[in-house]
Amino acid sequence: MSVQIKTLEQYQEAFRKSIENPEAFWAEIADTFTWYQKWHTVVNNDMITPDVRWFDGAKVNITQNCLDRHIPERGNQTALIWEPNEPDAPTQKYTYSELLAEVCKCANALKSLGVQKGDRVCFYMPMVPEVAIGILACARIGAIHSVVFAGFSANALAERIKDAQAKVVLCTDYNRRGPKTIPVKEVVDEAIEMGCDSVSHVLTYRSTGGDVLWDERRDIWWHKLVDVQSTVCAPEIMDAEDPLFVLYTSGSTGKPKGVVHTTAGYMVFTCYTFMNTFQYQDGDIYWCTADVGWVTGHSYILYGPLLAGATTLMFEGVPGYPDTGRFWQVIDKYKVNQFYTAPTAIRALMAAGWDEPDKYDLSSIKVLGSVGEPINEEAWRWYDEKIGRGNSPVIDTWWQTETGGIMISSLPGITDTKPCFAAYPHPGIQPVILDQNGQIITENNVEGLLCIQYPWPGMLRTTYGDHERCRTTYFAPYPGYYFTGDAAKRDEDGRYRIIGRVDDVINVSGHRIGTAEVEDAINQHPEIVESAVIGFPHDIKGQGIYAFVKATHDVTQPEQLRKEILEMVTKYIGPIAKPDIIQFVIQLPKTRSGKIMRRILRKIAENQYDQIGDISTLINPESVEEIKSGAQHPF
């Protein structure tokens, strides 16, 4: 694509154009796609209501741009490579022509189940090719996909199905994950029994062949329905602002937010950011290790790469199975050129096998990406030296579920890189740092609140079924700006460093988990009065979860109660949200109005007792010493 930046001068020129005339800048990029009808308005810039619309009046289908338009030149090029959990199991590859045929078959199958434009379809699937095919099939027919990470509990799944009022659920029988075989359909069955009355059918792909319970009225095997369909399905013509997907993300309150992304803006933004962040060239093999249950999987396993005509690799397994060389073995096997993973995985592999990468040929690597949280300097240097061999730039990308795509990062070989800094905004992105009063901080080397002062095409449009929540969360705190919820610092050269969340959301291994969600789950235990959950520095995960818990009685068997609490959190949310530390306390520090002082608990968890500050406003200041005396600091 001609919109790919190649030099520092081109970056500077593109950035200048994007700030001086954003409409002309994005229109030029959008012109490289196939449209049924062009737009009459490039952008409606209302960040107050908010009512942001991009390419208004345009007609388009994102799968036509992901698949059909590539067929003349790339029909026989590999679009998707699937690497299975077991290293000796057969790989699957799909050319663009083959992937289009499979997507059309699945699209026709969904239509046969009564799925229409605007209906919601929920996915609870592991990393098998069918999840990618199903997602694209939804987009093909105008259905709104809502992918739920297949590690969440039945409760969490049910909550998301009910909020979206999903008509059909797609799942597998089981999930292979490292040495484990995990029941998937069993979780779906349990979730549907929790009042998911909107679900008419469950379409199940036979991944392992294990036994599952079956309801003939509702359940359908993938191979019996999808495999017999026609390989031709005309794409539904979508308005630019028709919803493409809903993806649930944790908020600072207990109820997850259904972030809504629409069709045209997301399409333009993910492709543009993919091409420039990873400097993808024809013939490259690109690998993002994320799960499709997260936005990274949506934007940078599926949509971004396929829109760009890339070859994208999808991995079923985990980094430590069957050994800590698995990632490097896959890079060696396929001669991967761009590799995109999370700091958590990097730190875990670094700790498990410092010199393990030396056993593999990693010379194909041209770009190393990091996503999910800021990467610490030690991990950055190991990644640079051991995986990139000092020849491949490390690109630390900052973005969010809500932004749709990468907002701030270096561009490999074009802009410089600096450990711990996401670096520079992409063209079209206008970040600012505000103080607590909403005033722009113009000087550098000062910490403040990271906000964006002009719309970009990939931004969220609303939170599903609750536009007021979208407004109050992202746009009301600082009117006229999108509030990211992150603190940041800008250095003297204009690079941005992300400091961390400023709300009650913990970033665990790159996954956002709301403290209120975890507290709600803990408090379900009949022996628990209340709890307070905060994040603390963790050597591997970036942030761990520390729970301060008050029981109804003196805790005489703490290990048993801890075990039951962990089971409760797993039941209501999933194992990813299990606290690393549970400390039983006699009382929680509270103000006279009854508010728990999490600021104090955070300083205790971070082992920063000298920064606890004034406790005179507490109704129970003696609680602080009691909690300090029992605090745990394993990391």
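Reader: Are α13 and α14 roughly parallel or roughly perpendicular to each other?

Author: This is a predicted model, where local features need pLDDT of at least 70, side-chain atom pairs count only at pLDDT 80 or more, and totals for chains, interfaces and linings use all residues. Residues are numbered from 1 along each chain as its sequence is written, and side-chain values use heavy atoms, leaving out hydrogens and water. The axes of α13 (residues 343-352) and α14 (residues 377-387) cross at roughly 75°. Angles of 65 to 115 degrees count as roughly perpendicular, under 35 as roughly parallel, over 145 as roughly antiparallel and the rest as oblique, so α13 and α14 are roughly perpendicular.

Reader: Which residues of α14 make the contact with α13?

Author: Contact means heavy atoms within 4.5 Å. From α13 come I346, R347, L349 and M350. Their partners on α14 are E378, A379, W382 and Y383.

Reader: How do α18 and α19 lie to each other, roughly parallel or roughly perpendicular?

Author: The axes of α18 (residues 598-605) and α19 (residues 622-630) come within 10 Å. They cross at roughly 25°. Therefore α18 and α19 are roughly parallel.

Reader: Which residues of α19 make the contact with α18?

Author: α18 brings I600, L601 and I604. α19 brings V624, I627 and K628.

Key
Axes are lines fitted to C-alpha atoms, for helices over the stretch in contact, and angles run from 0 to 180 degrees between N-to-C directions. Helices (H or I, at least four residues) and strands (E, at least two) are DSSP runs, numbered from the N terminus.
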